[in-house]
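Student: I should like to work through a few local features with you, one at a time. May we begin once the sequence and structure are on view?

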Amino acid sequence: MASEKFIRNKTALITLLAACFVVLVSLGVRQTFGLFFSDFKNDLNISLTESGLSIGLQMLMWGLTGPIFGAIADKYGGHKAIMLAFIFYILGIYFLYAGPNTNLYFQLDMGILIGIGLGGTAISIPMSVVGKHFPLSNRTIAMSIVTAVGSFGYFVSPIFTNLSLNNNGWEVTLLWFLLFLIMGLIISFFVRSPSSDQILEKSNDQNTSQALNEAFKNKSYILLVLGFFVCGFHITLVGTHVPTYVIDRGLESWTAAAILSLIGLFNIFGSLFSGYLSTKMSKKIILSAIYALRGLSIIFFIFLPPSTLNAFIFGASFGFLWLSTVPATSGIVAHIFGTKFLGLLYGIVFLSHQIGSFFGAYLGGLFYDLYGSYDYAWYLAIMLSVFAAIVHLPIKEEPVLRLRTE
């Protein structure tokens with residue numbers, strides 16, 4: 001049964017492998033910025049609020065430019081969108097290294113330029129390009145592979161970054177990041193959208209405005225947009241502020257890097273497991289369960305006595321749930337609307353994710369500076385877990401009428 005082959009052609013295989021490397025580099029570099037905060041505070045006099053604001057701006061720009069890069073990828077090809085984004089990413093890291101790092105320039109480099117770079121290089125655009133190469137039966141699995149490899153970047157990057165910061169300092173560490181990003185720029189040339197004879201779905205004459213109108217009239221799409229806000233709040237609050245939180249609770253600094261690495265390691269399994277389950281059962285039920293379990297993981301983490309063991313358990317449990325939302329969420333978007341405008345439509349869902357990320361990064365730092373504690377940020381994260389667990393349940397996982405009648 002040729003139609004059921006997982007890898008249908010050489011282009012699909014090369015695109016899958018190249019997209020995996022791109023996401024590994026992009027997310028791997030992104031995951032470690034929280035480890036720089038103490039150096040930025042000591043060497044550059046950047047407060048936690050300012051650092052949190054820069055990550056918030058980064059997440060916001062990531063989300064705002066995601067639909068733009070998605071539209072570029074849908075119209076002109078995935079490799080062009082990703083290569084353009086890598087240029088912004090490289091410029092952001094370079095100017096952060098070269099300075100000056102006064103408040104305005106720090107926000108421009110760390111927040112805006114790197115954020116734009118993430119909009120086209122991180123998970124949404126490479127994954128949407130990969131999704132176009134695979135049929136519905138295998139699409140979520142292919143997307144989960146990209147997510148899982150990105151998670152491996154989450155695993156190795158904090159270990160490398162912690163060692164480099166301790167032995168070489170933050171400037172040399174940023175030079176290493178530049179090298180990795182240049183490699184990603186080169187490899188991104190091979191993240192190719194399928195040609196006209198490789199497209200799996202029937203062609204249609206729907207344009208961009210019609211696709212957007214169709215999506216925003218769909219209740220299930222709106223619910224996905226609302227739910228993904230919570231995902232962004234969670235992972236950015238944890239990824240940005242857990243390093244400071246565990247040290248503030250009396251644990252050693254290496255514990256912070258260990259938590260981030262465990263998140264990456266266990267997210268490999270979580271992403272693959274989520275992708276597998278998405279082929280066997282309702283994706284909305286999977287998403288609802290993930291958000292509920294995230295809330296429980298946070299509750300145990302903040303209310304149990306601080307210890308290295310409890311920190312490791314949190315890293316493993318939250319890591320298993322980290323990006324496991326992505327294959328199911330993107331899979332629902334592709335299933336409802338098809339893949340022609342998948343880059344754009346998933347990019348808009350991801351914009352909501354990044355708005356949540358902005359608040360997770362910024363409010364975490366703001367609450368800490370105002371009250372000397374992250375408690376209020378954690379309480380808000382728990383309440384949002386309950387909200388997200390509920391809001392996914394009414395979603396209808398069925399194609400729009402246009403696809404059912406084609």
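Student: In which loop is the place of Asn 45?
Tutor: Residues are numbered from 1 along each chain as its sequence is written. The model is predicted, so local features need pLDDT of at least 70 and side-chain atom pairs pLDDT 80 or more, while totals for chains, interfaces and linings use all residues, and side-chain values use heavy atoms, without hydrogens or water. Helices are DSSP runs of H or I with at least four residues, numbered from the N terminus. On that numbering, Asn 45 sits in the loop between α2 and α3 (48–76).

Student: What phi does Asn 45 have?
Tutor: Most residues other than glycine have a negative phi. Asn 45 is not a glycine, yet its phi is positive, at about 60°.

Student: Is Asn 45 buried or exposed?
Tutor: Buried means under 20% relative accessible area and exposed over 50%, with partly exposed in between (1.4 Å probe, protein chains only). The relative accessible area of Asn 45 is 64%, so this residue is exposed.

Student: Is Gln 107 buried or exposed?
Tutor: Gln 107 is found in helix α5. Contact means heavy atoms within 4.5 Å, and beyond its neighbours within four places in sequence, Gln 107 is in contact with Glu 50, Leu 53, Ser 54, Leu 57 and Ile 112. Its relative accessibility is 12%, so Gln 107 counts as buried.

Student: Why is α5 largely enclosed by the rest of the structure?
Tutor: Helix α5 covers residues 103–121 and has 19 residues. The helix is largely enclosed because, of these 19 residues, the number that are buried is 14.

Student: At which residue does α5 bend?
Tutor: From its first C-alpha to its last, α5 reaches 26 Å, close to the 27 Å expected at 1.5 Å a residue; the expected span is 1.5 Å times one less than the number of residues. A bend is the angle between axes fitted to the seven residues ending at a residue and the seven starting there. In α5 this angle is about 30°, at Gly 115.

Student: Which helices do the buried residues of α13 pack against?
Tutor: Helix α13 (residues 308–320) has 13 residues that should span 18 Å, and its end C-alpha atoms are 18 Å apart, which agrees. Its buried residues are Asn 310, Ala 311, Phe 314, Gly 315, Ala 316, Phe 318 and Gly 319. The helices against which they pack are α10, α11 and α12 (283–303).

Key. Helix = DSSP H or I, 4+ residues; strand = E, 2+ residues; numbered from the N terminus.
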